[in-house]
Amino acid sequence: MSNTTQNAALRIDDYSLAYKSSAGVVRILDNIRLEIPRGQVLGLVGESGSAKSSMANAIMRDLTGVVAHESGRIFLADTDLTALTEKSMEPIRGKRVAMVLQNASTALNPTLSMGDHVIETIHQHQSDATLDSKNNIAAEAQALLSMVGLPDPKAMMNRYAHEISGGEKQRVVLAMAFACEPELILFDEPTSALDATTAATLLDLFGELQQRTGVAALFISHDLGVVSRIADRVAVIYGGRIVEEATTEALFAAPRHPYTRSLLASLPRPSDTRTGRTLDTSGNKPALRIGVVPQCIYAESCVSHEARVCNVSHVLIDEHGEHRVACVKAKNGSLIASPINRLDSVEAVDTTFPVALSMASLSVSYGERGWLASLLGKASQVHAVINANLTLDKGETLALVGESGCGKSTLAKAIAGLVPFKGDLFLSGNVIESIDHDYRSRVQIIFQNPDSSLNPRHSIKTILSRPLVLYRKNLNEVQRTQEVVALLERVQLPIHYAERYPHQLSGGEKQRVAIARALAAEPEVIICDEVTSGLDASVQASITALLKQIQRHSGTALIFITHDLAILRHLADRIAVMYLGEVVEVMSIDDLDEPPYHPYTEALLSSSPSVDPHTNTRRIRLKGTLPKRTQRVTGCVFESRCPHHLGDQCNTTPPPRVHHGDTHEILCHIDVATLAAHAPVWQASKLDTSI
Amino acid sequence: MNSTRRTLTALTKTPQGAIGLLLCFLLLALTLAGPELAPKDPEEFHFTARFAAPSTEFLLGTDWYGRDLLSRVMAGSRSTILLALLATVIGTVAGALIGIFSGYIGGRVDDLIMRVTDAVMAIPSLLFALLILSVLGSSSFNAVIAIGIAFTPGMARIARSVTLQVRGSDYVSAAQARGEGTSWIMFAEILPNVIAPVIVEATIRVAFAVMTLATLSFLGLGAQPPSPEWGLMIAEGRAHMFRSPWPILVPGIAIALVAIAFNLLGDGLRDALNPQASS
Amino acid sequence: MSPEFIIKRFFYLLVTAIIVSMIVFAVTQLLPANAATMILGEYATEEALLALNAKLGLDQPAWVQYWQWFSGVLQGDFGISLRTGQAVGPVILSAFGNSAILAVFSLVLVSLISIPLGVIAASRRGRPLDLGVSLISYLGVSMPEFVLATLLLAWLASPAIALFPASGYVPFATDPLAALHHITLPVLTLTIVLTAHVSRMVRSEMVDTLESDFVRAARLRGVPKRRILFKHALRNSMLPAITVIALDIGYLIGGVIVVEEVFSFPGVGRQLILAIQNRDLPMLQAGALLMAVTYAVANLLADLAYALLDKRIQFK
């Protein structure tokens, strides 16, 4: 922490907070010492349960629990916020410190227009000296909407939340945050609910506005990639304590705290293919919140923990310094290096017929086609998947990539027999006439959210027994119990979990149960629909490792659906990119690191945030939003947003499927040579120019 | 089941739940043992003590024949509370089955069932009960049937709307993808997750059933004299209401007390079963 | 609001009304006892029953009977009262007018009292005022109309106090003051019971809305509490409240039947009870149909009001 206390926009002085709960006093925040100089952005990074959002709530004086204990002080410039009453906070909120919440869809009042929102914010904090007329405020509001890059701000003034896209909503929220030229803005996961390409443009916008206005900001996120892009300095929070704080460059290039190290080690990077780096899959335990506080908050999960050395005193972050850390061993240089993971050798899978699953012109459409709708002439159909032709070899992993609404999950549901489709589906070369019992046993699906995919009223044993009852009828009661135990062991869960209910398990454990349930049928194909999306980075790494390991042992083919491109290098053999219902590109994982790319893939790759000191990412941003899918596009599906648009032919003619080598096909009018000549999205870089 | 115990623990932590549970427990005990516990014969006339105000002799006073009101109310508790419970059970079971079936099957069948329940619900439940009673004839048992039928569409609506939410959840999709049969999905996957809101609603409906049953008796379409049914007691007491309020007040308060007890219990259950609170 | 939405809702209303008419007809005329038996009693002679069956058209197939009745209803002909021998239509319509007076007065009062009450209780959640409102509304929802009405009657109309007449009705056209005097107790009963219902609902909707993200976001922009309450929360809570009030019209109709009976007020409810007691089928059918259709129309109006207020529904 630099000694510029006078210039600090925000200074948090040994702030601690604890809430009351039925289980006892819960520690939320412990001895927080942070400072944000004027004009700087501090990133606050932590996994779920780290209390990172509670920090923002404490600054806003909007505490969500019943306070058991609160100490320390929070200064906004010279004002001690902890000393203020609710009433005296009103003129400060929105005026001197603004907050941007995660979900813009719920942060906007559904019955007020966008204009009403912005006008209200300005009106609320207008000093009496400037008795502006209503028109002036409206003009000011409109100027703000235009400042955040909303097309047609005049029309936007009269729109309601349900009429605009998620990205546009977050822009309106941003306009409100900047409306009164605050000293500080708090961002609480502002881009987490958005698609990668939209999130990327919003981060750019914020960076630009921050430069222009010189506002200080606290940027809270679980996503280190996002933070690395926006922050000057980064603080890492674990179990309610700041464990490390440094400049963004230093923190990501040379992390000092074992927790930061393990966090970074579990994150995939674009350069992993070149360097052969693998992910740390050990995972971290959640920190204790109730009862006696360990001297070092990370003691339970730390590979370097030694009671003799570490438990001497309450381990807190240094008060001052350029690179502050809360670790005894890091300070005296006795940390052991993180273990380096090596790839296991991959055994070749022996197969007689190499293709596990394939499809020919598979299409899915659904929507309003009720008799009343057709009576009123309103029969609008959504074409969710259009003529998908994909093959999946035995033992391979095909990743299906795209943003929300691209049809990837619908395609998964069609293959799993949950949605009717047109076209043909082949399993081991045989055409599937109907989705029957045999097919269902051979093709299994795992859903994104294990909270919802495991019935809360069933025990783990019941959940794992059902596929055995259905598909393996030769097993008797005793054998089934044995098989349940074997399944739990395969997914590395303790066998006594059989008696538990889903709510007694953590998110990662629940997902393991879901995986075990899919394995119970001994399937040939498992569809994994965003199975790691809701999980923390370290848990995500361990789940993908488990899937890889299972695949290696059983030879099961995986269809891995994700919006997260970074993880693919550690998982996929081939990638299919979907946009607006169409598969626009299919390539092998080796094709990922250099052009040619489909223009959409190029933008998607560029938008995917990652922490990689070894790589520079070329900036490609998409304009506009995803078009509605009720009408079939005559030309190329990507025509409305393509940065390399060629003109008429893109609008009117469906693009050809062009090949680049054996493994790579692209749906584009631009010829492969031109696409291949584009600069690569990632370039190896030196550490100092990386961010 | 540990989930039942969890719910009960959570229930006693809310003031409504704790009071409601206690009251309902006492009322149920009264219902089962009430007639035997009554201090006097509910049918015995005390002509020397007609229209008596509460005293040590007659704790809650007497009516126009000098019958002990406390004993009559206690004797009547069985015909009021037990019958109300029965009516609610009929409406709840029928409604829940229809709702879950309709919600899970969906499509045209669901449309049809919902149009019919809409139409039945368009008839206010008291009116509907009156219509049914006009056909079946006046009796306590017919009133129970009438209320049960009148409750069915409302319960069906609630069960259906919860079923629709549950049907969209991934564990139902997972069961479908697994190839589970319709009956397994409806009874093993959906039903256990629909039951909580249905029980909450049913508890609150008991209060309605008590009130409706009493109303029907009051209108002369339920219990018949000389039954000590509470609504009927009030109807009979009206003739003498300007001489003594006690024959009206005592059964009136009894009805309100039962209704409050079940309303409190229902609200307490709603809080206790709230998924946010239980995790 | 799109025209499609309105057409759709009207269509539903029509379907509902037709199904209701079928149910009313089926319940009263066809199931399970024969209407002639109902009218003449269990000990009637065989010949008398057959004669009445023929006279009522009961010897014809069910759908023919239904159609005869329903087509008559469509032309405003509800048949002849078996009790008085008069045409049912004019009698029931004038009774309907009387009932409507009770209902409208009560509904207006309920809306005026219960919405502010619910808002205030929600804004002071957990404080004495909120607890007080909750306690009273618990009592209100747990007190059947006939108990409350009888108690009010026994107290305020007793010879000792005699503040209001115990029964009867004076048309507004003849003497507005006397008319008001006569409807006070019935309206008071209905208002107390319904206010308890509606204020509870408004409170719980407000509490939910006050916990929503956008209210928090507004608070974090420095919007003062009063403005949050009335500009942000109330508007969003009114949508569900409207639906609840519309549903409560069902209770109101039930309440009207009871209250009319207690106060001997000449409305549809009293006609209905008389019809049941006297096995006057045409009157029973007409009254039931009228009430059910009124309720369906109230729900339609609520839906339309909802759509008008809620910007989101237009796009559904």
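## Exercises on aromatic pairs and a chain interface

A search of this predicted model finds 19 aromatic pairs over all chains.

**Exercise 1.** Classify the ring pair Tyr238(A) and Tyr298(A), and state what the pair ties together.

*Solution.* 
1. The ring centres are 5.2 Å apart, which is within the 6.5 Å limit for a pair.
2. The planes stand at 90 degrees; angles over 60 count as edge-to-face, so this pair is edge-to-face.
3. Tyr238(A) belongs to strand β9 of chain A, residues 233–238, while Tyr298(A) sits in the loop between α12 (272–275) and α13 (307–310) of chain A.
4. The pair therefore ties together parts that are 60 residues apart in sequence.

**Exercise 2.** Decide for Tyr238(A) and for Tyr298(A): buried or exposed?

*Solution.* 
1. Buried requires a relative accessible area under 20%.
2. Tyr238(A) has 5%, so Tyr238(A) is buried.
3. Tyr298(A) has 3%, so Tyr298(A) is buried as well.

**Exercise 3.** Describe the ring pair Trp67(C) and Phe70(C) and its setting.

*Solution.* 
1. The centres are 6.3 Å apart and the planes 50 degrees apart, which makes the pair tilted.
2. Both residues lie in helix α4 of chain C (residues 62–74); because they are three residues apart there, about one helical turn separates them.
3. Trp67(C), with a relative accessible area of 48%, is partly exposed, whereas Phe70(C), with 13%, is buried.
4. Trp67(C) and Phe70(C) also belong to a cluster linked by ring pairs, together with Phe25(C), Tyr66(C) and Trp69(C).

**Exercise 4.** Describe the extent of the interface between chain B and chain A.

*Solution.* 
1. Count the residues: 19 of chain B are in contact with 20 of chain A.
2. Take the area: about 1,900 Å² is buried between the two chains, and carbon and sulfur atoms give 52% of this.
3. Find the main contributors in chain B: Asp170(B), Ala177(B) and Arg178(B) lose the most area to chain A, together 32% of what that side buries.

**Exercise 5.** Which polar links join chain B and chain A, and which elements of chain B take part?

*Solution.* 
1. The rule finds one salt bridge across the interface.
2. Its partners are the side chains of Glu180(B) and Arg466(A), at 2.8 Å from N to O.
3. On the side of chain B that touches chain A, the elements giving two or more residues are α1 (2–13), α4 (107–121), α7 (170–178) and α8 (182–218).
4. The largest share, seven residues, comes from α7(B).
5. By type, the residues of this side are six nonpolar, six polar and seven charged.

Conventions: Residues are numbered from 1 along each chain as its sequence is written. Chains are lettered from A and ligands numbered from 1 in the order in which they are written. This is a predicted model: local features need pLDDT of at least 70, side-chain atom pairs count only at pLDDT 80 or more; totals for chains, interfaces and linings use all residues. Side-chain values use heavy atoms; hydrogens and water are left out. Contact means heavy atoms within 4.5 Å. Buried area is the accessible area (1.4 Å probe) that two parts lose on being put together, summed over both. A salt bridge is a side-chain nitrogen of Lys or Arg within 4 Å of a carboxyl oxygen of Asp or Glu. Helices (H or I, at least four residues) and strands (E, at least two) are DSSP runs, numbered from the N terminus. Ala, Val, Leu, Ile, Met, Phe, Trp, Tyr, Cys and Pro count as nonpolar, Asp, Glu, Lys and Arg as charged, and the others, Gly among them, as polar. Rings of Phe, Tyr and Trp (its six-membered ring) pair if their centres lie within 6.5 Å; planes under 30 degrees apart count as stacked, over 60 as edge-to-face and the rest as tilted. Buried means under 20% relative accessible area, exposed over 50%, partly exposed in between (1.4 Å probe, protein chains only).
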